[in-house]
Amino acid sequence: MNLSPNLRAALFMAISMAGFTINDAMTKTVIGEMSAAQVMVVRGTFATVLIGLLAWHSGVFRALGLIRRPLVAIRAIGEVGSTLCFLAALAQMPLANVSAILQALPLAVTMGAALFMNEPVGWRRWTAILVGFVGVLIIVRPGFEGFNSYALLALLCVAFCAVRDLITRRIPEHIPTLAVSFATALFVTIVGGVLVIPYGGWTPLTVTSTSFLFAAALLLIVGYQFIIMAMRVGEISFVAPFRYTALIWALLIGLFAFGEVPDTAMLIGAAIVVASGLYTLYRERHAGKTQPVIDTTTPAMAPDGV
């Protein structure tokens, strides 16, 4: 069966989102056995080595001197903050709920670009952003029965990720993406090591937990590679909406792996967030401009630690 370039790219994007989401699920499986800091160390070590091998194979290490930039450091700090908040939320919340809140990231990036980078955003996209965050509030439901305070950490994770992605857009194009990812993964691992004792110390690793974290790190690389393939094969405006398949994967994995049945409020809120993101993407495509929502789907925006 011969698929068109766009359909192949859409398939690659769906595989990429599956890789990232299954990584989250495997991390959630072991997060009860050890602290978030230890997860950062173990998974980060595996990810750093794997990304390092890719970087070495691609000859990227010759350009490592280019990453000594303040922007790269700020991006790494954003990654650390998002990872800590994400792991804390993931340990205490259903996978699908965390994933649904994270789908607000493109909206947050669009808002941040308008507020802090003077990028033009019309009233239609501002409306979509506001509606999207109403959807997030429905998922979080502050002040109502079913409210989980850890959902606020998931929201904070979105804020850290938005900072990371906006900073990424400012990093010069001649600095290889793999070099930035390697530096970020290494920084996350080092910070995790520093936080191990404050977070309760080191828990002896088991074969099962180590295997899960190795597989999680490997799936990060799978997700990273397939998102690059998707961007290179298809049109970005066609491929971008398929980033929301991450929510479908999260719903299915949460249901069958953890027995998490989403409630009505979560489903309604998630639908509003996704619809707002898709409408924002449509408006950007209609305007014929490269804008933040599309940018959050490019290889440079692939998660490093989350």
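Helices here are DSSP runs of H or I with at least four residues, strands are runs of E with at least two, and both are numbered from the N terminus. Before I go on, a word on the model: it is predicted, so local features need pLDDT of at least 70, side-chain atom pairs count only at pLDDT 80 or more, and totals for chains, interfaces and linings use all residues. Residues are numbered from 1 along each chain as its sequence is written, and side-chain values use heavy atoms, with hydrogens and water left out.

Back to our threonine. Thr 27 is buried, with a relative accessible area of 0%. By buried I mean under 20% relative accessible area, by exposed over 50%, and by partly exposed anything in between, with a 1.4 Å probe and protein chains only. What does the side chain of Thr 27 make a polar contact with? Its partner is the side chain of Arg 43, at 3.1 Å. A polar contact is a pair of N or O atoms within 3.5 Å; within protein, one must be able to donate a hydrogen and the other to accept it, and residues adjacent in sequence count only if both atoms are side-chain atoms. Setting aside neighbours within four places in sequence, Thr 27 is in contact with Val 39, Arg 43, Leu 87, Leu 90 and Ala 216. Contact means heavy atoms within 4.5 Å.

Helix H1 runs over residues 5-30, and Asn 6 sits in it as well. Asn 6 is buried, with a relative accessible area of 18%. The side chain of Asn 6 reaches the backbone nitrogen of Glu 235 at 2.9 Å. Again leaving out neighbours within four places, Asn 6 touches Gly 234, Glu 235 and Phe 238.

Now let's zoom out. The chain has 13 helices and zero strands. How does the radius of gyration of the chain compare with that of a compact globule? For 306 residues, a compact globule would come out near 19 Å, and the chain has 18 Å, which agrees. That radius is taken over C-alpha atoms, and the globule rule is 2.2 Å times the number of residues to the power 0.38. Along its principal axes, the C-alpha trace spans about 50 × 50 × 45 Å. Of the 306 residues, 55% count as buried. Among contacts with a separation of 6 or more, 89% come from residues 24 or more positions apart.

Helix H4, residues 95-102, is mostly covered, with eight of its eight residues buried. Helix H6 has a buried set too: Arg 125, Ala 128, Ile 129, Gly 132, Gly 135, Val 136, Ile 139 and Val 140. These residues cover an arc of only 140 degrees around the axis, which puts them on the same side of H6. The arc is that of the directions from the helix axis to the C-beta atoms. On the other side of H6, Trp 123 and Leu 130 are exposed. As a reminder, an α-helix has 3.6 residues a turn, so residues three or four places apart point the same way.

For those who like a geometry check, the 18 residues of H6 (residues 123-140) should span 26 Å at 1.5 Å a residue, and the end C-alpha atoms are 25 Å apart, which agrees. The expected span is 1.5 Å times one less than the number of residues. Just after H6, Arg 141 takes a positive phi of about 45 degrees.

Arg 141 brings us to salt bridges. A salt bridge is a side-chain nitrogen of Lys or Arg within 4 Å of a carboxyl oxygen of Asp or Glu, and by this rule the count comes to five. In one of them, Asp 263 pairs with Arg 141, the closest N and O atoms being 2.7 Å apart. Asp 263 lies in the loop between helix H11 (245-258) and helix H12 (264-287), and Arg 141 in the loop between H6 and H7, so the pair ties together parts that are 122 residues apart in sequence. Asp 263 is partly exposed at 33%, while Arg 141 is buried at 13%.

Another salt bridge joins Glu 79 to Arg 164, with the closest N and O atoms 3.0 Å apart. Glu 79 lies in helix H3 (residues 70-92) and Arg 164 in helix H7 (residues 150-168), so this pair ties together parts 85 residues apart in sequence. Arg 164 also meets Asp 165 in a salt bridge, at 2.8 Å from N to O.
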